[in-house]
Amino acid sequence: MTGQAEIDSLNIPAHVAVIMDGNGRWAKQRGGLRVFGHQSAIKAVRETVEEAAQLGVKYLTLYAFSTENWNRPALEVMALMQLLVHTIRQETPILLKNSIRLQSIGDTASLPAGCQRELAEAQELTKAGTRMTLVLALSYSGRWDLAQAARRLAVDVAAGRVQPADVSEASIAGYLATAGIPDPELLIRTSGEQRISNFMLWQLAYTELYITDLLWPDFRREHLQDAIRAYQRRERRFGKTSEQITVS
């Protein structure tokens with residue numbers, strides 16, 4: 001861990017996504033309830049957001065709550081929702097100070113009214129932020145995203161606004177929850193699990209994966225730097241050969 005000096009400032013991924021995994025295991029290792037792990041992860045979120053903005057990342061997406069997470073014990077879900085409200089309220093002034101815009105993707109209408117209210121207010125307050133966009137994936141999953149995109153596209157086709165022959169990869173992307181946001185160039189997953197857990201199934205087609213054994217509450221700014229350095233050592237070919245990339 002040698003800090004930002006070893007990072008190429010001209011090769012920073014525009015969009016970094018993070019699957020924040022391991023809160024429950026972190027808490028269990030310390031004899032605490034799972035919610036203790038969620039509470040202890042706030043520092044990891046804060047440092048990651050601040051460091052990403054400082055490095056020049058333009059979009060940072062945090063997988064905060066999946067549609068499958070609704071199946072967790074009711075008390076844990078309730079505690080998570082309360083923590084979400086508290087954290088958004090607490091962090092909004094910091095986002096404003098750092099010119100960071102807050103957005104969300106997912107079935108946010110399924111969130112409790114209090115969460116929806118805090119989220120909408122924070123997004124309105126920070127909408128002028130230009131330094132970085134922080135995207136919270138809440139009640140989100142990749143399959144949900146594809147299904148809602150298909151429904152919206154089907155409505156437009158039925159109404160004659162879109163012709164079936166005109167449906168393309170670009171037009172499908174425009175119906176996804178991430179429309180207007182570039183696909184992630186780097187996905188970080190903590191806790192050592194080697195899967196994408198139903199996250200951005202369309203958008204991750206050519207994303208570089210960085211998996212660390214660290215549990216999310218232990219993740220700090222230097223670990224984000226490590227991930228960026230690993231990303232910069234890779235060759236992104238997008239189906240081409242190394243020789244083609246070198247020539248272009």
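## Asp21 and its contacts

Leaving out residues up to four places away in sequence, Asp21 touches Arg189, Thr190, Ser191, Glu193, Leu215 and Trp216, where contact means heavy atoms within 4.5 Å. The structure is a predicted model, in which local features need pLDDT of at least 70, side-chain atom pairs count only at pLDDT 80 or more, and totals for chains, interfaces and linings use all residues. Residues are numbered from 1 along each chain as its sequence is written, and side-chain values use heavy atoms, with hydrogens and water left out.

Asp21 sits in the loop between strand E1 (15-19) and H1; helices (H or I, at least four residues) and strands (E, at least two) are DSSP runs, numbered from the N terminus. Asp21 counts as buried because its relative accessibility is 17%, the classes being buried under 20% relative accessible area, exposed over 50% and partly exposed in between, with a 1.4 Å probe and protein chains only. The side chains of Asp21 and Arg25 are joined by a polar contact of 3.1 Å. A polar contact is a pair of N or O atoms within 3.5 Å; within protein, one must be able to donate a hydrogen and the other to accept it, and residues adjacent in sequence count only if both atoms are side-chain atoms.

## Ser191

Ser191 belongs to the loop between strand E5 (186-189) and strand E6 (208-211). With a relative accessibility of 9%, Ser191 is buried. Its side chain makes a polar contact of 2.7 Å with the side chain of Asp21 and another with the side chain of Arg25, at 3.1 Å.

Apart from neighbours within four places in sequence, the contacts of Ser191 are Asp21, Gly22, Arg25, Thr212, Asp213, Leu214 and Leu215.

## Annotated positions

UniProt, in an unreviewed entry, places the feature "active site" at Asp21 and Asn69. These two residues span 49 residues in sequence, yet no two of their C-alpha atoms are more than 12.2 Å apart, so they gather at one spot. Both Asp21 and Asn69 are included in the lining of the largest pocket. UniProt positions are given in the numbering used here, feature names are shortened, and annotations may be inferred rather than shown by experiment. Asn69 is placed in the loop between E2 and H4 and is buried at 14% relative accessibility. The side chain of Asn69 reaches the backbone nitrogen of Ser66 at 2.9 Å.

For "binding site", the unreviewed UniProt entry lists Asp21 and Glu208. Of these residues, Asp21 is included in the lining of the largest pocket. Glu208 lies in strand E6 and is buried, with a relative accessible area of 16%.

## The largest pocket

The largest pocket holds about 1000 Å³ of space. On a 1 Å grid over the protein atoms alone, a pocket is an open set of points where a 1.4 Å probe fits, with protein on both sides within 12 Å along at least five of seven lines; lining residues have an atom within 4 Å of a point. Grid points are joined across faces, edges and corners, and a volume is the space filled by probe spheres set on the points.

The lining of the largest pocket has 44 residues, with Met20, Asn23, Tyr63, Ala64 and Phe65 nearest the centre. Two or more lining residues come from each of helix H1 (23-29), helix H2 (34-40), helix H3 (42-55), strand E2 (59-66), helix H4 (74-97), strand E3 (100-105) and strand E4 (132-140). H4 gives the largest share, ten residues. By type, the lining comprises 23 nonpolar, ten polar and eleven charged residues; Ala, Val, Leu, Ile, Met, Phe, Trp, Tyr, Cys and Pro count as nonpolar, Asp, Glu, Lys and Arg as charged, and the others, Gly among them, as polar.

## The second largest pocket

About 200 Å³ of space lies in the second largest pocket. It is lined by 13 residues, and Asp183, Trp202, Gln203, Ala205 and Tyr206 are the closest to its centre. The lining of this second largest pocket divides into seven nonpolar, two polar and four charged residues.

## Asn11

Asn11 falls in the segment before E1 and is partly exposed, with a relative accessible area of 26%. Beyond its neighbours within four places in sequence, Asn11 is in contact with Tyr231 and Gln232. Asn11 and Arg151 are 140 residues apart in sequence and 37 Å apart in space, C-alpha to C-alpha.
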